[in-house]
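Here is a short report on one chain. Look over the sequence and the model before reading on.

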Amino acid sequence: MASAHNTHRLLPEICVEVWDDRQPVQWWTLVDAAIIAHRPNAANPDLTDITVGAGTREEDSWSQSLPASPRFELFAGGLVTSASAGSCQGVDGLFTVRRPAPPLPLQLIGCEPAEPLLAALREPRTWERDWAQLWALDRDGRGMMRLDVGLGIEDARPSVLGGTLLDITLSDGGERPSLMARSIWETWYGGIPATPNQWAAYPTQGREERLEMTAIGMNDQRPDLACGEHHLDGRFATDVPGLHLAMAEALLGPGRYFGRELNAFKDCLSGGFGIALPFTLIWHDADIARQALADDVSAEGLTYFEDIVRLLERFGATVVLD
């Protein structure tokens with residue numbers, strides 16, 4: 001048997017669809033996935049066995065057993081926006097009974113506590129079922145990300161940073177951001193990015209994290225300004241978050257928010273998000289989004305790309321597909 005090749009490369013979300021002989025009957029999402037090793041299959045060297053370390057998110061409470069002859073289809077980017085990543089004959093280690101994951105503690109280093117954290121320190125049992133928001137701030141104090149955390153305090157002691165600061169361990173750190181979020185935060189720490197297409201190299205999951213960052217800034221929106229012509233760089237609009245990132249950059253500039261899905265995009269077109277209609281949008285390389293989103297079809301039979309163009313035109317924009 002050939003030796004395994006180690007890669008340890010972080011992957012976007014992977015959706016695993018389980019098919020019977022006609023249709024998908026189950027689907028699972030692998031999160032924070034990384035390739036650990038790969039090697040030729042022992043029975044058929046034309047196939048490859050891939051070992052992946054990942055967390056799992058079950059999209060439903062599957063009660064049905066596996067089909068008699070299951071087929072497994074893989075998609076990169078999760079369920080909402082995805083691209084085919086191949087197929088496989090079997091998946092080991094996924095279909096097992098799992099207990100709910102216990103809460104993960106979260107350690108806060110160098111705290112200068114204020115209410116309600118001070119109240120939780122004084123009477124921990126009173127506050128152990130309450131929640132607070134932990135904000136990540138950039139160097140100018142602007143919110144970049146927020147995280148719901150439990151106020152149950154597991155430990156509090158003088159901080160390793162000295163002075164009157166405290167190191168506090170919360171018993172429930174809430175739902176953790178993906179591993180990819182860290183690089184997004186580092187990009188934004190110096191302030192809202194001013195360079196277009198900084199998000200282009202990220203896979204779908206990283207682009208979704210970038211969209212979350214822009215959404216935090218919704219409260220910073222400027223008055224609607226009239227402007228006649230906007231140019232959308234469509235080269236990297238290869239998935240839904242990429243389309244919305246490119247659209248926001250075209251209409252408002254890098255780091256701005258203009259919706260992250262269809263309904264939110266419609267809300268932004270209604271006003272109050274920095275741009276006044278009517279305007280002209282020249283969509284360069286529009287065929288990239290048209291083709292990439294061709295399989296994302298609404299109940300009305302329109303692709304996501306077609307829905308976006310129709311909304312723009314309904315609100316009075318002139319769309320030129322270049």
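Which residues form a nonpolar patch on the surface?

## Surface patch

Ile109, Val160 and Leu161 form it. Together they have about 320 Å² of accessible area. Ile109 sits in strand S7, residues 106-111.

## Overall make-up

This is a predicted model. The chain has 322 residues, and 39% of them count as buried. Its secondary structure comes to eight helices and 16 strands.

Take the contacts between residues at least 6 apart in sequence: 63% of them join residues at least 24 apart. The chain exposes about 18200 Å². Carbon and sulfur atoms supply 51% of that area.

## Largest nonpolar core

In soluble globular proteins, nonpolar side chains tend to be buried together. Here the largest nonpolar core holds 45 residues. Leu243, Met247, Phe258, Leu281, Trp283 and Leu312 touch the most other members. Elements giving two or more residues to this core include strand S9 (143-150), helix H4 (204-216), strand S15 (280-284) and helix H8 (304-314). Helix H5 gives the most, with eight residues.

Leaving out residues up to four places away in sequence, Phe258 touches His244, Ala248, Leu251, Leu252, Phe265, Cys268, Leu269, Phe273 and Ile275.

Another core lies apart from the largest one. This other core has 12 residues, among them Val16, Val25, Leu30 and Leu94.

Definitions and conventions: Residues numbered from 1 in each chain as written. Predicted model: local features only at pLDDT ≥ 70, side-chain atom pairs only at ≥ 80, totals over all residues. Heavy atoms only, no water. Helix = DSSP H or I, 4+ residues; strand = E, 2+ residues; numbered from the N terminus. Buried < 20%, exposed > 50% of the residue type's maximum accessible area, 1.4 Å probe, protein only. Contact = heavy atoms within 4.5 Å. Areas by Shrake-Rupley, 256 points an atom, 1.4 Å probe, with all protein chains shown as cover. Core = buried A, V, L, I, M, F, W, Y, C linked by side-chain atoms within 4.5 Å. Patch = residues over 30% accessible without salt bridge, like charges linked within 9 Å, V, L, I, M, F, W, Y side chains within 5 Å. Salt bridge = Lys/Arg side-chain N within 4 Å of Asp/Glu carboxyl O.
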